[in-house]
Amino acid sequence: MKIKVTDDIDLRKIAYSGQCFRWKELEDDRFLIVAFGTYVIASQTGDEICLESEYDIDEQLWVEYFDLRRNYSEIVDNIDREDTFLYNAGQYGRGVRILHQDPFETLISFIISQRKSIPAIKTSIEKICAACGRELGVVEGEKVYAFPTPLELYSVPIEKLEDCSLGYRLPYVMEAARHFYQEPDLLDRMNEMSDEELKEMLLEFYGVGDKVASCTMLFGFARLNTFPIDVWIRRALDQKYINGFPFSRYEPYNGIMQQFIFEYYRGKK
DNA sequence: AGGCAGGCGCTCC
DNA sequence: GGAGCGCCTGCC
């Protein structure tokens with residue numbers, strides 16, 4: 001399947017943007033993307049995204065996933081030119097989009113992410129998927145597993161999870177899985193909530209603080225105004241915005257600005 | 001080979 | 001309500 005995109009998109013930038021952990025680069029600029037209980041192999045030629053899979057491809061699902069209904073180039077063009085740092089960050093980050101990922105997977109992934117490097121996060125998540133996720137097939141000689149459902153994760157024997165490099169995060173993961181499993185309408189309720197209510201609720205989860213809650217909202221609930229602050233963003237803000245970041249100017253897309261800043265600042269180190 | 005990660009909970013004030 | 005500390009472990 002091919003999807004024509006009339007907006008900024010760059011699969012490579014997205015793949016390495018730190019928001020997704022189950023993209024794997026294959027040869028020839030192709031990316032294996034496992035999400036929503038299925039997978040695709042994505043590649044890009046100019047403004048055309050090609051998706052291939054042994055499974056049926058639900059175009060609307062992936063349009064939603066890549067947030068293709070939103071016009072990012074317009075958002076980049078709206079950046080204040082006087083703000084040289086943000087303007088440059090926007091240009092540098094052109095093509096990055098905020099993925100609309102599965103909320104449960106996003107929550108668990110960012111719980112795991114605390115005090116871990118990105119390679120370590122990926123390793124841990126892959127182990128979890130292999131331990132209790134559904135087997136989806138074989139791609140380039142490697143088995144592909146779906147991210148587990150709350151039930152699959154909650155009911156896996158604890159010994160198997162102990163081999164997944166979770167460390168002290170193990171009880172955090174189990175608690176979150178239990179919540180989602182035992183409360184089937186939880187997700188619907190969360191989707192109905194305002195940003196403030198959702199944040200409050202996520203913070204009640206054991207092991208979830210401000211950073212993890214914010215990342216879950218931005219990357220898993222498509223709350224694009226959420227502005228996660230990690231050590232990199234903290235440094236960037238302290239250095240470039242002594243008088244505070246102009247959040248009101250970039251509503252309702254502060255989260256996209258955060259992503260640009262993150263890419264740019266981390267890239268330049 | 002040892003410090004350090006894209007934090008958080010808990011325990012003090 | 002804020003500062004200080006311990007935490008698992010893989011990765012560079």
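Guide: Here is a walk around the largest pocket. You're looking at a predicted model, where local features need pLDDT of at least 70, side-chain atom pairs count only at pLDDT 80 or more, and totals for chains, interfaces and linings use all residues. Residues are numbered from 1 along each chain as its sequence is written, chains are lettered from A and ligands numbered from 1 in the order in which they are written, and side-chain values use heavy atoms, with hydrogens and water left out.

So what counts as a pocket? On a 1 Å grid over the protein atoms alone, it's an open set of points where a 1.4 Å probe fits, with protein on both sides within 12 Å along at least five of seven lines. Points are joined across faces, edges and corners, and the volume is the space filled by probe spheres set on them. Here, the largest pocket holds about 440 Å³ of space. Its lining (residues with an atom within 4 Å of a point) has 20 residues, and I118, K211, D230, W232 and F262 are the closest to the centre.

Now for the helices, which are DSSP runs of H or I with at least four residues, numbered from the N terminus. At least two lining residues come from each of α5 (103–113), α6 (118–132), α12 (210–220), α13 (231–240) and α14 (254–268). The top contributor is α14, with 4 residues.

As a last stop, look at DNA strand C: the residues around it, each with a heavy atom within 4 Å, are R115, S117, T123, S165, G167, Y168 and R169.
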